[in-house]
Amino acid sequence: MRKTLLFLPGPVAVAESVLAAMARPLENHRGPEFAARLTRVADRLKPMFGTTGPVVLLGSSGTGGMEAAVASMFSPGDTLLACPIGVFGRRFAEIARALGCTVEVLDTPAGAALDPAALAARLEADTGKRIAGVLLTHNETSTGVQNDMSAYVAALREHGAISVVDSVSGFGASRFRMDEWGYDVVVTASQKALAAPPGMAMVALGARAIARLEASTCPRFYFDLKKALEFSKIGQTPWTPPISLVYALDAALDRYEASGVDAVVERHALYARAIRAAFEALGFTIFSRPGAHSVTVVAAAPPAGVDPGKLLDELRVERGIILSGGQAELAGKIVRMGTMGDISETDILGAIGAIEIALLDADAPVHLGSGVQAALRELIGKVGAPA
Ligand SMILES: *Cc1c(COP(=O)(O)O)cnc(C)c1O
């Protein structure tokens, strides 16, 4: 089998120790050993969310966690303010509509982060307090944009609406301070910066959210955070959990903790800077605006005349380098390169080199080595300027 390197913004390259953990024999999901493990995993996630409150684990991808959060917090007819900055934010709004909520949308120009002043103005204008909840995206994977989640806190607190955050592709790679910032529900998933396989969503609940579990009437059965919270107290899940994935997540947390949060946060930021520098040197146009760059995914349009789809195909077929294309209206316009998962500086340099070769093959004007050199300058900070 040919060796491939995964640079997707999820799922990501998973380390061997994490993959091997899934080969463990299964145990009783209602027995004491598994209960201890499930509780331990949830406890280890709490500081990553920045909360002392409960974290529940769901057998689903991240979208299931988003659906569970909306369904468990709100009731049909509730007005929610969605603040999409890309595809995943729009998905959040669609989930709320599907569950019978009335969704108002605060639009943001593509490539920009949500403007705190715009959110504040919108919430201040809601003098009748019609808005019951605000849906936010920490890191928008489709545009490579990251919101500064500390910037919305004052406006949200002032208004009092329940805040639900999709931090699926932000969690773990940047610090999240749920309790300090006062967010009510934060959702993440296993297959992004935690670098485990896909199939688990994790949801952190603040005190106001827990109180609300009783009142919400959106139709739900499987994705019910009230049931999930009750079972989590005895180290269980309401339904059969993906036991092997819990082993993997436990092993992924071992790796995360062995590095330490500071190093992990720094690594993602460094990789993102290196990739952006390389892309710029190679004539790509970075999609995210200055100050709004994600640390987990770089979205960029290739140089004029280079078809993103063909570039991705060549990288995959000829070099074993797997990047993503654009989604929705950005399909065929951009490529996206993730920084998450078990990837090394050497992997990044190899991928940038492969991109240079693919650009050359596409007859793009490339100064060979310029991308690698730009990345190196970020990664080791010692390489001189090109001659
Ligand atoms: C990956 C991702 C999700 C979840 O997608 P699933 O495929 O359901 O795991 C949600 N939001 C963002 C921002 C993501 O990057």
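How many cavities of 30 Å³ or more does a search of the whole structure find? The search finds 1 cavity of that kind, where a cavity is a set of points on a 1 Å grid over the protein atoms alone at which a 1.4 Å probe fits but cannot get out. The model is predicted, with local features needing pLDDT of at least 70 and side-chain atom pairs counting only at pLDDT 80 or more, while totals for chains, interfaces and linings use all residues. Residues are numbered from 1 along each chain as its sequence is written, and side-chain values use heavy atoms, with hydrogens and water left out.

**Cavity**

- The largest cavity has a volume of about 80 Å³, a volume being the space filled by probe spheres set on grid points that are joined across faces, edges and corners.
- The lining divides into 8 nonpolar, 3 polar and no charged residues, with Gly counted as polar and Ala, Val, Leu, Ile, Met, Phe, Trp, Tyr, Cys and Pro as nonpolar.

**Domains and their interface**

- The domain assignment gives domain 1 (5-9 + 260-381) and domain 2 (16-257), and 28 Å separate their centres, taken over C-alpha atoms.
- The contact (heavy atoms within 4.5 Å) takes 26 residues from domain 1 and 26 residues from domain 2.
- About 2,100 Å² is buried between domain 1 and domain 2, with carbon and sulfur atoms giving 54%; buried area is the accessible area (1.4 Å probe) that two parts lose on being put together, summed over both.
- In domain 1, Phe-287, Arg-289 and Gln-327 lose the most area to domain 2, together 21% of what that side buries.

**Salt bridges**

- Across the interface of domain 1 and domain 2 there are 3 salt bridges, each a side-chain nitrogen of Lys or Arg within 4 Å of a carboxyl oxygen of Asp or Glu.
- Glu-329 and Arg-90 meet through their side chains in a salt bridge (2.9 Å, N to O).

Terms used: On a 1 Å grid over the protein atoms alone, a cavity is a set of points where a 1.4 Å probe fits but cannot get out, and a pocket is an open set with protein on both sides within 12 Å along at least five of seven lines; lining residues have an atom within 4 Å of a point. Domain bounds come from an automatic or database domain assignment.
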